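Here are my notes on the model, as numbered points. Please read them with the structure open.

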Amino acid sequence: MSVKEEQLVWVEAVSYEELAFNTGKTIRYQGEEVALFKLSSGKLQAIQNRCPHKDGVLAEGIVCDEHVFCPMHDRKIHLPSGLVQLPDTGCVKTYSTKLQDGIVYIGFAKAEELAS
Ligand code: FES
């Protein structure tokens, strides 16, 4: 399910320059934990930080192109869609990102959306 942009709270995460290429950064906001990545292309991707298998910390995974490999058992997750790649199955939540004045923001659902 996609959340419309106007339903998001944009939370300042980190400066774009500080974010290392292909290295995850953990961002926390109101009980949610996000793995934020700056890919080799410079594109930003943000996903739920916990693997659907056994809660591996995805921000600590190895990034290859548009995928991250879970550090625990190597499941491969497509960053733009959050889908675990075959032969494994499952998915993680994805988050919108935006870059404004050199700062990376992550879009979280507003509190009333989270509560429902
Ligand atoms: S916890 Fe991620 S593959 Fe097992």
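This is a predicted model: local features need pLDDT of at least 70, side-chain atom pairs count only at pLDDT 80 or more; totals for chains, interfaces and linings use all residues.

1. Leu36 has Ala46 of β4 as its bridge partner. The two strands run antiparallel and are joined by five bridges, with β4 covering residues 44-48. Five residues lie between the strands of this hairpin, and Gly42 takes a positive phi near 95° there.

2. On its other flank, consider the pairing with β2. Strand β3 spans residues 32-38 and pairs with β2 in the antiparallel sense, over five bridges. Arg28 has Glu33 of β3 as its bridge partner. Tyr29 stands opposite Glu32. The hairpin of β2 and β3 has two residues between the strands. Within that hairpin, Gln30 has a positive phi near 45°.

3. How many residues of β3 are buried? Seven of the seven are, so the strand is largely enclosed by the rest of the structure. Both faces are covered. Glu32, Val34, Leu36 and Lys38 are buried on one side. Glu33, Ala35 and Phe37 are buried on the other.

4. Glu32 deserves a separate look. This residue lies in strand β3. Its relative accessibility is 11%, and Glu32 counts as buried because the cut-off is under 20%. Which side chain does the side chain of Glu32 meet in a polar contact? The partner is the side chain of Tyr95, at 2.4 Å.

5. Next, the nonpolar cores. The largest has 15 residues. Phe37, Ile47, Leu58, Val68, Ile77 and Leu79 have the most contacts inside it. Another core, of 14 residues, lies apart from the largest one; Val34, Tyr95, Ile106 and Phe108 are among its members. Val34 belongs to the core of 14 residues, and Phe37 to the largest core.

6. Last, Ile77. Which residues are in contact with Ile77, leaving aside its neighbours within four places in sequence? The contacts include Ile47, Leu58 and Val68, which are also listed with Ile77 among the residues with the most contacts in the largest core. Pro52, Glu66, His67, Gly82, Leu83, Val84 and Val92 are in contact with Ile77 too.

Terms used. Residues are numbered from 1 along each chain as its sequence is written. Side-chain values use heavy atoms; hydrogens and water are left out. A nonpolar core is a set of buried Ala, Val, Leu, Ile, Met, Phe, Trp, Tyr and Cys residues joined through side-chain atoms within 4.5 Å. Buried means under 20% relative accessible area, exposed over 50%, partly exposed in between (1.4 Å probe, protein chains only). Contact means heavy atoms within 4.5 Å. Two strands pair if DSSP finds at least two bridges between them. Helices (H or I, at least four residues) and strands (E, at least two) are DSSP runs, numbered from the N terminus. A polar contact is a pair of N or O atoms within 3.5 Å; within protein, one must be able to donate a hydrogen and the other to accept it, and residues adjacent in sequence count only if both atoms are side-chain atoms.
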